[in-house]
Amino acid sequence: KVILSAQRGAKQMGVGEEALETGSPMIRYVWLVWLLGVCLLAVYFTAGYVRMYFQLREAIPFTEYAVNDTVVAEICLKLTDKVRIKVSDRIAVPITYGIFRPQIILTRTMDFQDRELLYFVFRHEKIHIKRMDNLWKLLLILALCLHWFNPLVWAMYFAMNHDMEIACDESVISDMREKDRKKYALTLVMLAEKAQYFVHNGFGKSAVK
């Protein structure tokens with residue numbers, strides 16, 4: 001009986017191994033498709049980051065534009081601490097760039113004499129820096145690259161990016177008077193159509209809603 005049981009077990013194991021060997025090409029195919037998707041998305045996001053890096057590397061220190069305006073200088077110092085502020089003509093809206101050494105990049109077309117606009121922008125971007133939203137965005141991109149086949153991860157990626165901006169705007173207006181809230185909203189709408197998306201957060205992204 002022991003010998004017969006062993007023989008039956010051996011036969012069953014042989015059948016299982018044959019089935020595994022038969023299905024293994026399909027398993028390898030699925031693995032290669034997943035890996036190809038990961039590589040394509042990784043290349044796409046990396047290329048965008050590198051392009052943005054070289055564009056923003058040419059940004060000019062903000063002090064060259066506001067050196068004679070002591071009020072603006074005080075606002076910058078109060079709201080951004082040691083965060084570097086630069087100006088670039090390669091972007092459409094103000095953004096916060098970088099994770100561990102963040103920079104606030106202003107667009108060259110801004111009116112640097114509009115102290116209220118600068119105040120709104122700096123408050124908005126400082127909250128992004130304080131909450132390390134760019135790090136969260138990088139983690140979202142990593143999750144998207146690894147789980148690109150899952151539509152729920154895509155939904156999470158877009159929803160969380162949107163929620164970051166909404167939460168930031170809510171934090172900015174929480175201490176404002178009604179009149180200032182209206183001005184802030186109008187400023188967001190003014191910049192809404194120019195918003196850009198990548199590993200940075202841009203002022204005005206959540207404006208329309």
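Is Phe 54 buried, partly exposed or exposed? I looked it up: Phe 54 is partly exposed, with a relative accessible area of 43%. Here buried means under 20% relative accessible area, exposed means over 50%, and partly exposed lies in between (1.4 Å probe, protein chains only).

The model is predicted, so I kept local features at pLDDT of at least 70 and side-chain atom pairs at pLDDT 80 or more, while totals for chains, interfaces and linings use all residues. Residues are numbered from 1 along each chain as its sequence is written, and side-chain values use heavy atoms, with hydrogens and water left out.

**Aromatic pairs.** I searched the whole structure and got 10 aromatic pairs. Rings of Phe, Tyr and Trp (its six-membered ring) pair if their centres lie within 6.5 Å; planes under 30 degrees apart are stacked, over 60 edge-to-face, the rest tilted. Tyr 53 and Phe 54 are edge-to-face, because their ring centres are 5.4 Å apart and their planes stand at 75°. Tyr 53 is partly exposed, at 39% relative accessible area. I also noted Trp 148 with Phe 149, edge-to-face at 6.0 Å centre to centre and 80° between planes. Trp 148 is partly exposed, at 23%. One aromatic cluster holds Tyr 44, Phe 45, Trp 154, Tyr 157 and Phe 158.

**Nonpolar cores.** I took a core as buried Ala, Val, Leu, Ile, Met, Phe, Trp, Tyr and Cys residues joined through side-chain atoms within 4.5 Å. The largest has 13 residues, and those touching the most other members include Phe 62, Ile 104 and Phe 122. A second, separate core of nine residues includes Leu 41, Leu 140, Ile 141 and Met 164.
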